[in-house]
Amino acid sequence: MSASRRSGTTDELGPDEPEQPEPERDGGDLLAALLDGMDAALCAFDADGVVTHWNREAERILGWTAAEAVGRQGFAGWAVRSADAAEVEGRLMSAMQAPGRQVHEFALLTKDGGRVLVRTQSAAVRGPDGKPAGVYCAFSEVHAQIDLERSIALSESLFDDASWGVVLVDADLRPAVVNAHAARALGKGRTAVLGRPLGELLAQGVEELESALTHVLAEGAPPAPAEIWVSVRTPEGEKRRCWRSGFLRLASPLAEEPVPLGVGWLFQDVTEAKQGEQEASLLRFRTQQLHRAARAAAECEDPAEAATVHLDFALAGFADHALIDRVAGGARADAETVGAVRLVRIAATPSGAPGPSELSGRAGLPVRYGEGHPVLQCVERAGSVRASAGTVSAEEARAWALGRQWPEDTAYALCAVLRSRGRTLGAVTFLRGAGRSAFERADIAYAEDVAARIAAALDLAGVVGDGRVGEVWRGPGEEGER
């Protein structure tokens with residue numbers, strides 16, 4: 001070889017080195033490679049019905065290899081029963097004259113003699129002149145096709161007619177698809193929630209929900225549904241809801257290894273049922289407390305002590321502090337409306353540490369309640385009164401409580417009148433801190449029930465003439481009831 005050839009400076013060939021033509025690419029080999037790589041079973045016939053192509057998926061379903069299938073005349077005698085051969089071949093080859101695709105179902109024979117029901121899609125293959133040159137046929141087992149159709153139908157039904165919320169959440173924890181029920185539960189339109197962070201849709205409960213979704217993406221579906229309390233932002237304001245939720249990790253069926261596509265989140269609103277359960281549980285507890293208090297009070301020799309027993313039992317799970325104020329100078333009849341009401345503190349729960357309530361007020365000095373105080377309103381109206389500090393700063397709430405002669409951590413108050421034998425004896429006040437919820441209507445009924453029992457005990461103390469209680473009830477310069 002010359003120096004010029006070695007250095008690569010010229011493409012000129014020597015006399016004894018003829019130019020080598022590039023190898024031609026075989027279009028048939030490329031087509032065969034494409035057919036073999038398909039997930040669907042594929043075969044092809046020429047215009048005479050001879051098998052020209054047979055891919056690996058067809059081999060997997062029927063067991064016949066490409067070497068055994070290619071070159072055979074139709075399916076007769078090997079892939080279909082002889083009695084059915086003419087009908088099957090006629091239905092397949094009719095695609096050469098029919099426009100579009102033809103869909104058929106029939107039974108084929110496997111190599112080991114079994115039968116497989118398949119669904120075929122066949123269409124004509126056109127030659128260079130535009131005339132039909134053969135038929136290609138794609139087929140799959142019917143049960144696999146039916147499973148696919150069922151999955152699609154299930155998905156469409158879930159996102160159209162389901163009576164529970166269905167949300168597909170992507171890997172970024174944002175809704176990708178929602179059904180109509182879920183959109184109504186979130187207070188938005190179906191398209192308005194797509195791609196938005198959950199924090200924009202929910203005011204509370206977002207952390208718990210996102211934690212559950214992250215766990216499902218990493219570890220898979222939990223073994224049981226979870227109940228999550230959330231606050232939903234709606235045009236009418238925030239609404240507290242309880243959703244019983246189930247989660248499913250979604251993975252692509254087309255990837256060799258599972259690739260998480262997101263999480264399927266199904267939920268049902270069980271707020272009313274949970275609230276009913278909570279109310280029933282609370283009612284059972286309070287009924288048991290009243291029963292226990294009545295039995296404990298029955299063992300007290302001092303009726304005034306029995307009143308504090310009722311107060312202590314009522315406090316459990318209901319309030320943080322409680323007070324009993326007695327009308328100075330004795331019980332007040334409904335007709336006695338002359339003069340301002342004066343109240344004497346006769347019992348209170350300890351504010352520094354837990355413990356039983358103690359009787360107090362031996363001096364008989366009235367409590368310095370200002371005009372319009374909730375306790376005074378309660379006694380004057382002979383009805384329950386609720387009060388709260390409202391939405392204010394901690395310092396303002398503290399000043400509000402101290403101004404009403406209550407512990408400084410008080411944020412909510414409920415005053416219930418003490419009535420016995422048609423007379424007003426005083427009032428009992430239940431107090432809650434800012435860490436608890438405000439008193440509700442159900443709490444009023446319970447407080448009034450406790451107040452009736454306390455009033456009966458205090459009235460009995462006056463009837464039996466306990467000297468100590470008489471001192472407690474007697475106002476300055478007045479004779480108490482004996």
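**Chat about a sheet, its helix and some salt bridges**

Reader: Hi! Which residue stands opposite Glu227?

Author: Hello! Glu227 stands opposite Arg244 in β10. Keep in mind that this is a predicted model.

Reader: Noted, thanks. How many bridges pair β9 and β10?

Author: β9 and β10 are paired in the antiparallel sense, over nine bridges. The link from β9 to β10 is a hairpin through two residues.

Reader: And what is the strand order in the open sheet?

Author: The open sheet has six strands, in the order β7-β6-β11-β10-β9-β8, and the pairing is antiparallel. At the edges stand β7 (175-178) and β8 (202-204); each has a single partner strand, so one side of each is left without a neighbour in the sheet. From one strand to the next, the twist averages 40°.

Reader: What about β8, how many bridges pair it with β9?

Author: Two bridges, with β8 and β9 (residues 226-234) running in the antiparallel sense. Gln204 stands opposite Ser231 in β9, and Leu202 stands opposite Val232 in β9.

Reader: Which helix packs on that sheet?

Author: That is α10 (residues 271-298), which touches β9, β10 (237-251) and β11 (260-269). The direction of α10 makes about 115° with that of β9.

Reader: Which helix has an axis that comes within 9 Å of the axis of α10?

Author: Helix α11 (residues 303-315) does, and the two axes cross at roughly 155°. Angles over 145 degrees count as roughly antiparallel, so α10 is roughly antiparallel to α11. The crossing of these two helices, α10 and α11, is right-handed.

Reader: Nice. Which residues make the contact?

Author: On the α10 side the contact is made by Gln289, Arg292, Ala293, Ala294, Ala296 and Ala297. On the α11 side, Ala306, Val309, His310 and Phe313 take part.

Reader: Switching to charges: how many salt bridges are found in the whole structure?

Author: The search finds 20 salt bridges. One of the pairs is Lys274 with Glu277, where the closest N and O atoms are 3.4 Å apart.

Reader: Where do Lys274 and Glu277 lie?

Author: Both Lys274 and Glu277 are in helix α10, three residues apart, about one turn of the helix.

Reader: Is Lys274 buried or exposed?

Author: Lys274 counts as buried, at 16% relative accessibility. Glu277 is partly exposed, with a relative accessible area of 45%.

Reader: Got it. What is the N to O distance between Glu408 and Arg398?

Author: Their side chains meet in a salt bridge at 3.0 Å, N to O. Glu408 lies in the loop between α13 (394-403) and β17 (410-420), while Arg398 is in helix α13, so the pair ties together parts that are 10 residues apart in sequence. Glu408 is partly exposed at 44% relative accessibility, and Arg398 is partly exposed too, at 34%.

Reader: And which residue forms a salt bridge with Arg423?

Author: Asp459 does, and the closest N and O atoms of the two are 3.1 Å apart. Arg423 belongs to strand β18 (residues 423-433) and Asp459 to helix α14 (residues 441-464), so this pair ties together parts that are 36 residues apart in sequence. Arg423 counts as buried at 18% relative accessibility. Asp459 is buried, with a relative accessible area of 6%.

How values were computed. Residues numbered from 1 in each chain as written. Predicted model: local features only at pLDDT ≥ 70, side-chain atom pairs only at ≥ 80, totals over all residues. Heavy atoms only, no water. Pairing = 2+ DSSP bridges. Helix = DSSP H or I, 4+ residues; strand = E, 2+ residues; numbered from the N terminus. Axes fitted to C-alpha atoms, helices over the stretch in contact; angles between N-to-C directions. Contact = heavy atoms within 4.5 Å. Salt bridge = Lys/Arg side-chain N within 4 Å of Asp/Glu carboxyl O. Buried < 20%, exposed > 50% of the residue type's maximum accessible area, 1.4 Å probe, protein only. Parallel < 35°, antiparallel > 145°, perpendicular 65-115°, else oblique. Left-handed = near helix turned anticlockwise from the far one by under 90°.
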